[in-house]
Amino acid sequence: MSFQIRLHETDIAFTGESGESVLDAALRAGIELPYSCRKGVCGNCRGHVLEGTLVTGTQGGDPACGVRDAHEHLLCRARPASDLTVQPRHWQRIDPSARKTLQAKVFKITQPAPDVTVLQLRLPAGVRARFKAGQYLQVLLPDGTRRPYSMANAPHDNDNLQLHVRREPGGRFSDGVLPTLQTGDMLSVELPHGDFWLREDSDRPLVMVAGGTGFAPIQSILGHIVRQRITRPVTLYWGGRTPSDLYAPQQVDKWRTALPHLRYEAVISQPPGDDAWTGRTGRTGRLPAAVLTDYPDLSGHEVYACGAPALVAALREACVATAGLPPDRFFSDAFVSQAG
Ligand code: FES
């Protein structure tokens, strides 16, 4: 069975198949809505259903995801039970054919932290990856499953792909495939995906917040900012449990040289018991608290946040509810655990 799904105050309508989420139906029709995890965790896809009904059990969402009222739903979960009129937070047309499956060769494998691997992939001669700074790809595994990883390289550096992979015990890729990979092995990847990318039609100051390997898309965005000579003030917060979780200090040092308008704040929750740690030590609330202390008023800023869902949810709450950041200027990508 299929239903018509209409975008509020537009003449755009598309078909939602039985059992398909509103988000999947929109993407299939070439309409991109905000999304990240596609698992009902991050809240990026929340939108209003103004007319029609949803399949029981697919409505609503956790208030921690930003769902605020009875008509607001997570569109990656919401499945139509009738024709619908929906009002997403925003939307844009995309060309579904712009998404490509590429064969990439493992070029270099490094391990900058005990549980973090940087995987450098090289594309075939003449092939270029097209993506926006901050987007992600999906690694296509032989058993048909997929694993999402952000591109850490900037879009101009597009004959290769750099992925930052945190090992998850039991993770099909990070704990199963990755330890067996060797230089020269091939991986299938599909890109681009995701709504987390730098909006360049603004000159507002930027606050960027990365938790752990949430640094990867931020690295892509900052590489793009350097390349494009964007002069917006940037404050980068990078948080982890220990200093070794902040695994790319040389990269940060390069940006500090290249970007005089960059301020960097390292935030850890378990500082070592010596004088070697010169960054900000963790405190209650950790990254959100550090941001709020420095920026009690974010009404004139944009915030880009990437990390675990709990971190992203706490940052959204802190920035929007406490510091007055307009909700549509909070951009996020939540890394959902992919164990199994
Ligand atoms: S909650 Fe729907 S994309 Fe994350």
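The questions and answers below walk through ring pairs, strands and salt bridges in a predicted model.

Biologist: How are residues numbered, and which pLDDT limits apply?

Modeller: Residues are numbered from 1 along each chain as its sequence is written, and side-chain values use heavy atoms, with hydrogens and water left out. As this is a predicted model, totals for chains, interfaces and linings use all residues, side-chain atom pairs count only at pLDDT 80 or more, and local features need pLDDT of at least 70.

Biologist: How many aromatic pairs does a search of the whole structure find?

Modeller: Rings of Phe, Tyr and Trp (its six-membered ring) pair if their centres lie within 6.5 Å. Planes under 30 degrees apart count as stacked, over 60 as edge-to-face and the rest as tilted. The whole-structure search gives seven.

Biologist: Are the rings of Phe 215 and Trp 238 stacked or edge-to-face?

Modeller: A pair of aromatic rings is described by the distance of the centres and the angle of the planes. For Phe 215 and Trp 238 the centres are 3.8 Å apart and the planes are at 10°, so the pair is stacked.

Biologist: How many residues apart in sequence are the parts that Phe 215 and Trp 238 tie together?

Modeller: Helices (H or I, at least four residues) and strands (E, at least two) are DSSP runs, numbered from the N terminus. Phe 215 lies in helix H3 (residues 215-227). Trp 238 lies in strand S15 (residues 234-240), so the tied parts are apart in sequence by 23 residues.

Biologist: Is Trp 238 buried or exposed?

Modeller: Buried means under 20% relative accessible area, exposed over 50%, partly exposed in between (1.4 Å probe, protein chains only). Trp 238 has a relative accessible area of 0%, so the residue is buried.

Biologist: What kind of aromatic pair do Trp 238 and Tyr 247 form?

Modeller: Their centres are 5.1 Å apart. The angle between the planes is 80°, and the pair is edge-to-face.

Biologist: Which strand pairs with S15 over seven bridges?

Modeller: Two strands pair if DSSP finds at least two bridges between them. Strand S14 (residues 206-211) pairs with S15 in the parallel sense over six bridges. The partner over seven bridges, also parallel, is S16 (residues 262-268).

Biologist: Which residue is the bridge partner of Trp 238 in S16?

Modeller: Met 208 stands opposite Leu 236 in S15. For Trp 238, the bridge partner in S16 is Ala 266.

Biologist: Which helix does the chain cross through from S15 to S16?

Modeller: S14, H3 and S15 make a right-handed β-α-β unit. Right-handed means that, with the strands pointing away from the viewer, the path from the first strand over the helix to the second runs clockwise. The crossover from S15 to S16 is right-handed and passes through helix H4 (residues 249-258).

Biologist: How many salt bridges does the count come to?

Modeller: A salt bridge is a side-chain nitrogen of Lys or Arg within 4 Å of a carboxyl oxygen of Asp or Glu. By this rule the count is 14.

Biologist: Which residues do salt bridges with shared partners join into one network?

Modeller: Arg 204 forms a salt bridge with Glu 302, with the closest N and O atoms 3.1 Å apart. Arg 232 also meets Glu 302 in a salt bridge, at 2.9 Å, N to O. Both Arg 232 and Glu 302 are buried. The network joins Arg 204, Arg 232 and Glu 302.
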